[in-house]
Amino acid sequence: MDAELRPEIISPANDHQISDHPHADTPETPPREATAPKRPLPLAGIRVLDVTQVMAGPVCTMLLGDLGADIIKIEPPETGDQTRGAMGFRMKGDDSMGFLNMNRNKRSIALNLKNPAGREVFLELVKTADILVENYRPGVVRKLGIDYDTLSKINPRLVYASISGFGQTGPWSDRPGFDLMAQAMSGVMSVTGHPGGPPVKAGVPVADIGCALFATYAILAAYIGCEKSGQGQFIDASLFDSALAFSIWDISEHWGTGVIPGPLGTANRMSAPYQAVRSSDGYFVMGATNQKLWQRLCNEIDRQDLLTDPRFTTISTRLANREVLIEELEKTFTTRPSEEWVTTLLAKGIPAGRMNTYPEAFESDHAKFREMKMDIPHPVEGTIPNIGFPVKLRGTPQTVRRPPPLLGEHTREILAERGLNEETIEKLAEEGAFAS
């Protein structure tokens, strides 16, 4: 990997690099950034109040933290983010592996927002915040007195993002929303699985992760706009809307033909063959998505008969006869194992790939080179694995500056930065600001 693309893992204590990429430049050929001043991360100096739990909100704020923002995670005392106690297995400490993979580069303060003293502390933090992200059910923040209309009077530059299941307005807005409900009600589940089979959700939380990504892009756009106008704004992000945004091919087919899309298994609406196919030892995926690749495939597997078969002469006819097409191809593909076919097809420029499990994918040579698994230090667990940065910035590589925080770990540190002395902090504690 290019040295300028290499992410860094930084020790919070001494701010030095403790993990290098295996392909880093040797001392004889120093990395290019060594000859120039190191640039700050793009969001360095930006402060984000993270009032979120579970997944969409925490992933959104983690992405901002990876880019250099100071993320202050505001959590309910004693319990914290409910994901800390999620999953069916225990680590050394109290936090789940899921929590540890969504909350790096954050500081935690335990704060009771229902308590007047706790709310007072929160409002003090709002004064110096650039961005706030919350994912309470619509209406809750207004009851707590921390809604956008209230906080924008304190800080007009505040970019305030609300993440919910179905948005802040509309007939379904007051419903509790999770990824499963968003997948079902947006139509995603209607096109997932195999024809005639029971309902199947997407194997990964597309509504949660999609909402995290869409919220992040809106937050950054609003922040850039604020830099020009001096005015923050309110952002309404929902899992339902985000899931619908993934329906491009499916809804385009419906709008163009009137046909209601259904599940296709691993197949595709735009081209065939483009799906998982059976070999002698399992399955692999391949795609001959245009006429040139189709002709190349038939010649490579010695099935020139398919080229003259009227059922398969064009993309349209292949789509119309997809099932019989795959049956014909599998007569040949089942004569050899998957790995041989993948190697053969790739050599001819035909896209193909093996069916990996997650462990196989993360342990592949390519994932290792791309640093999609990072081992980072943690005060309780010792070392924890984290999913690597999904995009790489060349000039300002992302860094792990802080491990996922313990509940309330930075409460006093954050308050001291706001000028509160020990006596004041103790008084707030006595008043219930940091306890349930």
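A disulfide is a pair of cysteine sulfur atoms within 2.5 Å. The structure is a predicted model, in which local features need pLDDT of at least 70, side-chain atom pairs count only at pLDDT 80 or more, and totals for chains, interfaces and linings use all residues. Residues are numbered from 1 along each chain as its sequence is written, and side-chain values use heavy atoms, with hydrogens and water left out.

**Exercise 1**

Find how many disulfides the rule gives, and state which cysteine sulfur is nearest to that of cysteine 60.

Solution. Applying the rule gives a count of zero disulfides. For cysteine 60, the nearest cysteine sulfur belongs to cysteine 211 and is 8.1 Å away, and cysteine 60 is in no disulfide. Cysteine 60 has 0% relative accessibility and therefore counts as buried; buried means under 20% relative accessible area, exposed over 50%, and partly exposed in between, with a 1.4 Å probe and protein chains only.

**Exercise 2**

Give the strand order of the six-stranded open sheet and name the edge strands.

Solution. Strands (E, at least two residues) and helices (H or I, at least four) are DSSP runs numbered from the N terminus. Two strands pair if DSSP finds at least two bridges between them. The order is E5-E4-E3-E6-E7-E8, with parallel pairing. Strand E5 (106-110) and strand E8 (234-238) are the edges, since each pairs on one side only.

Next, take the partner of E5: strand E4 (residues 70-75) pairs with E5 in the parallel sense over five bridges. Within this pairing, isoleucine 72 has arginine 107 of E5 as its bridge partner.

**Exercise 3**

Determine whether the two faces of E5 are covered or open.

Solution. In a regular strand the side chains alternate between the two faces of the sheet. Because five of the five residues of E5 are buried, the strand is largely enclosed by the rest of the structure.

**Exercise 4**

Which residue forms a salt bridge with lysine 106, and which strands does the pair tie together?

Solution. A salt bridge is a side-chain nitrogen of Lys or Arg within 4 Å of a carboxyl oxygen of Asp or Glu. The partner of lysine 106 is aspartate 50, with the closest N and O atoms 3.1 Å apart. Lysine 106 lies in strand E5 and aspartate 50 in strand E3, so the pair ties together parts that are 56 residues apart in sequence. Lysine 106 is buried, at 0% relative accessibility, and aspartate 50 is buried at 0% as well.
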